[in-house]
Amino acid sequence: MHNELNPPEIFDRRRRHALRARATGRSRDDFLWHHIAQDMTERLSAVTRTFEHALIIGPIGRWQTEILPPNVSCTLAPLRDTNVGAAAGTANDAPIALEEDRLPFTPGSFDLVISAGTLDSVNDLPGALIQIRRLLRPDGLFLGHMFGAGTLGTLKAMLLEADADRVTPHIHPQIDLRSAADLIVRAGFTLPVADQDMSAVRYGNWRSIVSDIRDAGVGNALAGPRSYLGKDIALRLDHAFATRADAHGKVTEGFAHIYLSGWAPSENQPRPAKRGSGQVSLADILSKDKAG
């Protein structure tokens, strides 16, 4: 029986790790991860405080030297079981394969935690965010990314059409921006921020979309058996693609990037004024504006 303490295992943990491991063995285009890494770099560069020890969860650790300021000790958690090889070359600690909702670290171990591209497939996302907050020292920073609702909308529509009366889940659902914002507040972060941007990619065939998903290691990790798609699934997808293609023979696919940030509570952080403590009436200000 499932409850709040033992949420259902929506995602297969072994399959989730296998997707990441398969991606590292492919000759791949990492444009999705480049996009996320660049955004994380920009966001962190806007922070004025210094950090001593960071934890980076997920494949984004390959861009550690670009994202982190110099002289920051870093622990990499690549979310896969195999050795990360070159990805660990500049890390101060050996890489660790783990899950965000099963973090093995002592509370207060880090002053910066970055988790990118993987939070959308965590079984216990609220619990994962709470654990990340507990890992942070007071006034420590969390930067997170996940693929949000609207990601791969074109491919989902084509698969739905190709399935006909045998509808099966091929891509796990993602949460929307409002739900993500609610979760980071509930996790106890201070100064929480959630925002989203959409990246659009033009494709000449559906196989290229699937290839990019496999390259990024973000495929279907849902638990449960896989259904046989039928020997003519490729032909049905070809037809579904052709009906959506423009005059140049291409369709547009979208990737919704949800970014989260928040700070571990600390006594020296700015706080909003208590309700009713204001010295100036908003009504007075508005009446003066009208009078002017």
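## Salt bridges, sheet and cores in a predicted model

The side chains of Asp-238 and Arg-207 form a salt bridge, with 3.0 Å from N to O (a salt bridge is a side-chain nitrogen of Lys or Arg within 4 Å of a carboxyl oxygen of Asp or Glu). This pair links distant parts of the chain, since Asp-238 sits in helix H8 (residues 233–244) and Arg-207 in helix H7 (residues 206–216), 31 residues apart. Helices (H or I, at least four residues) and strands (E, at least two) are DSSP runs, numbered from the N terminus.

A word on the ground rules: this is a predicted model, where local features need pLDDT of at least 70 and side-chain atom pairs count only at pLDDT 80 or more, while totals for chains, interfaces and linings use all residues. Residues are numbered from 1 along each chain as its sequence is written, and side-chain values use heavy atoms, leaving out hydrogens and water.

**Salt bridges**

- Asp-238 is partly exposed at 30% relative accessibility, and Arg-207 is partly exposed at 40% (buried means under 20% relative accessible area, exposed over 50%, partly exposed in between, with a 1.4 Å probe and protein chains only).
- Shared partners join the salt bridges of Arg-49, Glu-52, Asp-111, Arg-137 and Asp-139 into one network.
- The count for the model comes to 14 salt bridges.
- Another of these pairs is Asp-101 with Arg-13, whose closest N and O atoms are 3.0 Å apart.
- Asp-101 lies in the loop between strand S2 (73–77) and strand S3 (110–115) and Arg-13 in helix H1 (residues 13–24), so this bridge ties together parts that are 88 residues apart in sequence.
- Both Asp-101 and Arg-13 are buried.
- Arg-49 and Asp-139 meet at 3.9 Å, N to O.
- Because Arg-49 lies in the loop between helix H2 (31–45) and strand S1 (53–57) and Asp-139 in strand S4 (residues 136–147), the pair ties together parts that are 90 residues apart in sequence.

**The sheet**

- Six strands make an open sheet of mixed pairing, in the order S2-S1-S3-S4-S6-S5 (two strands pair if DSSP finds at least two bridges between them).
- S2 and strand S5 (190–203) stand at the edges with a single partner strand each, so one side of each has no neighbour in the sheet.
- S4 and strand S6 (residues 251–263) run antiparallel and are joined by seven bridges.
- Leu-141 stands opposite Trp-263 in S6.

**Nonpolar cores**

- The largest nonpolar core has 43 residues, of which Ile-60, Leu-68 and Ile-114 touch the most other members (a core is a set of buried Ala, Val, Leu, Ile, Met, Phe, Trp, Tyr and Cys residues joined through side-chain atoms within 4.5 Å).
- H2 supplies the largest share of this core, six residues.
- Beyond its neighbours within four places in sequence, Ile-114 has contacts that include Met-40, Leu-55, Ile-67 and Leu-143 (contact means heavy atoms within 4.5 Å).
- Another core, of 26 residues, lies apart from the largest one, and among its members are Leu-125, Ala-180, Ala-187 and Ala-264.

**Helix H5**

- In helix H5 (residues 153–163), the buried residues are Thr-154, Leu-155, Met-158, Leu-159, Ala-162 and Asp-163.
- Seen down the axis of H5, these buried residues fall within an arc of 165°, so they line one face of the helix (the arc is that of the directions from the helix axis to the C-beta atoms).
- The buried residues of H5 pack against H7, H8 and S6.
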